[in-house]
Amino acid sequence: FYFSYGFLLLVLHILNDAIALEHVISKLGDNVTLNCTYRERELRLNNLRVYWQIADDPEQCSVVHTLISGQDNESEQCIHFKNRTQLFWDRLEDGDFSLLLLNVSQSDERTYKCVVMEKTEYTKKINQTDVVLSLAASYSQPILSGPVRNSDSTGEEVTFSCRSDNGYPKPNVYWINRTDNSVLPPSELNITYHADGTYSVFSTLKVNTTSNMQIECSVENKILQENLSANYKEESNDSSTESHQNLERSGRGAQAAGIVSVVFLIGLLAVFACWLWRRRSSKLASY
């Protein structure tokens with residue numbers, strides 16, 4: 001009986017100290033809210049201490065924001081977070097200690113912890129929430145450049161290029177042959193890091209041409225679950241030849257119609273001239 005009772009107390013203690021874990025995704029340069037709430041009972045702000053800290057690198061300065069007895073305390077706040085953090089004052093008495101972080105950058109991509117301490121007879125921790133912040137930025141629509149082919153170039157090696165810019169984090173790039181949905185290995189893949197923290201990607205693909213090519217370049221951002229694609233589709237040579245022949249037929253038809261119109265106009269002029277000559281002749285005869 002005593003063993004079961006002691007085990008139950010241990011389980012309750014572990015559950016009471018359980019740490020809530022949240023994941024938040026934000027785009028670079030945006031403002032993001034890191035959630036931390038405690039609503040099990042009413043609290044008095046004067047008895048509380050709220051600490052927002054970096055949880056995954058204790059060796060560096062870890063103080064993000066501190067609230068002591070209802071007042072902000074910036075004495076130990078890391079320089080990196082100066083003037084970039086604030087609590088929601090109208091929510092504190094409701095047990096909402098969420099933190100607003102302004103203008104996020106790559107260096108903010110960390111795991112944070114919110115620790116709420118209450119002082120009554122003694123100081124104790126009543127709540128802890130860990131928040132994992134992941135950052136992302138959408139890539140631009142890929143630009144796919146295909147080869148300029150001659151009608152008899154089937155079987156020759158050609159090069160495609162694909163480019164997309166200003167995204168984060170590093171993307172996955174896929175080349176796909178849409179005629180059979182097979183994935184093709186890139187011939188070249190270059191990822192460039194920019195001063196604003198974003199990446200650009202440039203990739204090429206070398207393949208032998210076929211009579212009906214359908215190539216797709218796809219840029220994937222896993223964090224945002226975005227997959228942007230650009231397609232290259234070339235009609236077969238037969239279709240191109242047929243289109244060319246149709247254009248030639250249309251041109252010859254227009255030329256023939258023009259000739260008929262000119263002949264008809266000349267005929268009308270001849271009839272009119274003949275009518276004038278006869279009329280003039282009849283007038284001379286009357287005299």
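Contact means heavy atoms within 4.5 Å. The model examined in these exercises is predicted: local features need pLDDT of at least 70, side-chain atom pairs count only at pLDDT 80 or more, and totals for chains, interfaces and linings use all residues. Residues are numbered from 1 along each chain as its sequence is written, and side-chain values use heavy atoms, with hydrogens and water left out.

**Exercise 1.** Determine which residues Ile-143 is in contact with, leaving aside its neighbours within four places in sequence.

*Solution.* Begin with the position: Ile-143 belongs to strand E10, residues 143-145. Strands (E, at least two residues) and helices (H or I, at least four) are DSSP runs numbered from the N terminus.

**Exercise 2.** Classify Ile-143 and Thr-129 as buried or exposed.

*Solution.* First, set the cut-offs: buried means under 20% relative accessible area, exposed over 50%, and partly exposed in between (1.4 Å probe, protein chains only). Ile-143 has a relative accessible area of 58%, so this residue is exposed. Thr-129 has a value of 3% and is therefore buried. Thr-129 is placed in strand E9, residues 123-136. Not counting residues up to four places away in sequence, Thr-129 touches Ile-19, Ala-20, Asn-35, Cys-36, Tyr-112, Lys-113 and Cys-114.

**Exercise 3.** Describe the geometry and the placement of the aromatic pairs Phe-81 with Tyr-112 and Tyr-168 with Tyr-199.

*Solution.* Apply the rule: rings of Phe, Tyr and Trp (its six-membered ring) pair if their centres lie within 6.5 Å; planes under 30 degrees apart count as stacked, over 60 as edge-to-face and the rest as tilted. The count by this rule is four aromatic pairs. For Phe-81 and Tyr-112, the centres are 6.3 Å apart and the planes stand at 75°, so the pair is edge-to-face. Phe-81 lies in the loop between strand E5 (71-72) and strand E6 (85-87), and Tyr-112 in strand E8 (residues 111-119), so the pair ties together parts 31 residues apart in sequence. Phe-81 is buried at 2% relative accessibility, and Tyr-112 is buried at 0%.

Tyr-168 is in the loop between strand E11 (157-167) and strand E12 (172-177), and Tyr-199 is in strand E15 (residues 199-208). Finally, ring pairs link Tyr-168, Tyr-193 and Tyr-199 into a cluster.
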